[in-house]
Amino acid sequence: MGWEALAQWGADAARIEPLTGGVANDVWSVRVNGRRAVGRLGTRSDADLAWETGLLQHLDREGVTVPVPIPTTGGRLFAGGLVVMTYVEGGPPETEADWRRVAGVLRRLHRLTRGRPQRPGWRSSTDLLQAETGTKVDLGAMPAESVARCRAAWARLSGRPTCVVHGNPTNPGNVRVTADRVGLIDWDESHVDVPDLDLVLPGNAAGLDDGAYDIAAQASAAWEAAVCWDDEYSVRRLAEVRAVGDRA
């Protein structure tokens with residue numbers, strides 16, 4: 001169906017200009033009901049999009065600043081792979097204080113989503129200690145030594161409670177800061193996992209102790225390597241994951 005689906009948001013709904021930052025999706029500034037919004041077109045399943053839009057509605061009800069799904073004229077939250085959401089104002093974090101505020105919002109996200117079911121088709125980092133695949137992850141495509149390094153990093157998270165993680169909060173483009181609030185956008189990578197993966201922030205803004213930060217940083221690097229294997233970024237991230245025999 002493609003962008004023709006935008007007509008389901010009303011006769012005046014229209015694309016305005018493409019937005020940067022979308023990798024797996026086509027993301028545009030759109031106009032719906034005379035207001036600026038964001039449209040994201042991708043290939044995720046209806047079950048996947050239902051999980052994501054339901055999460056965003058839940059967080060909005062709890063007072064977390066997120067892009068809120070705008071329903072079609074027929075009341076649907078997505079159509080033909082297209083989701084239309086409110087535009088979140090603000091700029092990227094620029095100071096240590098900004099990143100500490102981001103850490104506070106992430107910890108609130110984690111508290112509000114304990115016990116939430118896994119995103120359909122996804123696996124957590126600790127699930128991948130046994131599983132080979134999950135959405136973007138295919139460990140079978142990686143060299144065996146690389147898989148062993150990633151799994152050794154993830155094993156250090158075993159047994160910890162899980163919740164929804166944003167998935168990419170260290171990207172300044174995914175954060176919208178104003179004087180009175182911090183918003184998180186781009187929830188395409190969100191899923192259920194160990195919360196520490198979200199807390200490897202610039203300047204250790206989440207205040208993790210040395211041991212906790214090391215565990216989280218190694219697990220996060222391994223996750224990013226596996227998710228986008230094998231482009232230049234994933235190879236660089238894998239290089240940050242210590243060899244199995246070098247672990248503390």
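This is a predicted model: local features need pLDDT of at least 70, side-chain atom pairs count only at pLDDT 80 or more; totals for chains, interfaces and linings use all residues.
Student: What makes the protein as compact as a globular protein of its length?

Tutor: Good place to start! The protein has five helices and 10 strands. Its radius of gyration is 18 Å, and the globule rule gives 18 Å for 248 residues, so the protein is as compact as a globular protein of that length.

Student: And how much of the protein is buried?

Tutor: Buried residues make up 49% of the 248 residues.

Student: Why is the pair of Trp3 and Trp28 called edge-to-face?

Tutor: Let's take it in two steps. Rings pair if their centres lie within 6.5 Å, and the centres of these two rings are 6.3 Å apart.

Student: Where in the chain do Trp3 and Trp28 sit?

Tutor: Trp3 lies in the segment before strand E1, while Trp28 belongs to strand E2, so the pair links parts of the chain 25 residues apart.

Student: How do you know whether Trp3 is buried or exposed?

Tutor: Buried means under 20% relative accessible area. Trp3 has 12%, so Trp3 counts as buried. Trp28, at 18%, is buried by that cut-off too.

Student: Which residues form the other kind of link, between helix H3 and helix H4?

Tutor: Trp154 in helix H3 and Trp223 in helix H4, 69 residues apart. Their ring centres are 6.4 Å apart with 65 degrees between the planes, which makes this aromatic pair edge-to-face. Both Trp154 and Trp223 are buried.

How values were computed. Residues are numbered from 1 along each chain as its sequence is written. Side-chain values use heavy atoms; hydrogens and water are left out. Helices (H or I, at least four residues) and strands (E, at least two) are DSSP runs, numbered from the N terminus. The radius of gyration is taken over C-alpha atoms; the globule rule is 2.2 Å times the number of residues to the power 0.38. Buried means under 20% relative accessible area, exposed over 50%, partly exposed in between (1.4 Å probe, protein chains only). Rings of Phe, Tyr and Trp (its six-membered ring) pair if their centres lie within 6.5 Å; planes under 30 degrees apart count as stacked, over 60 as edge-to-face and the rest as tilted.
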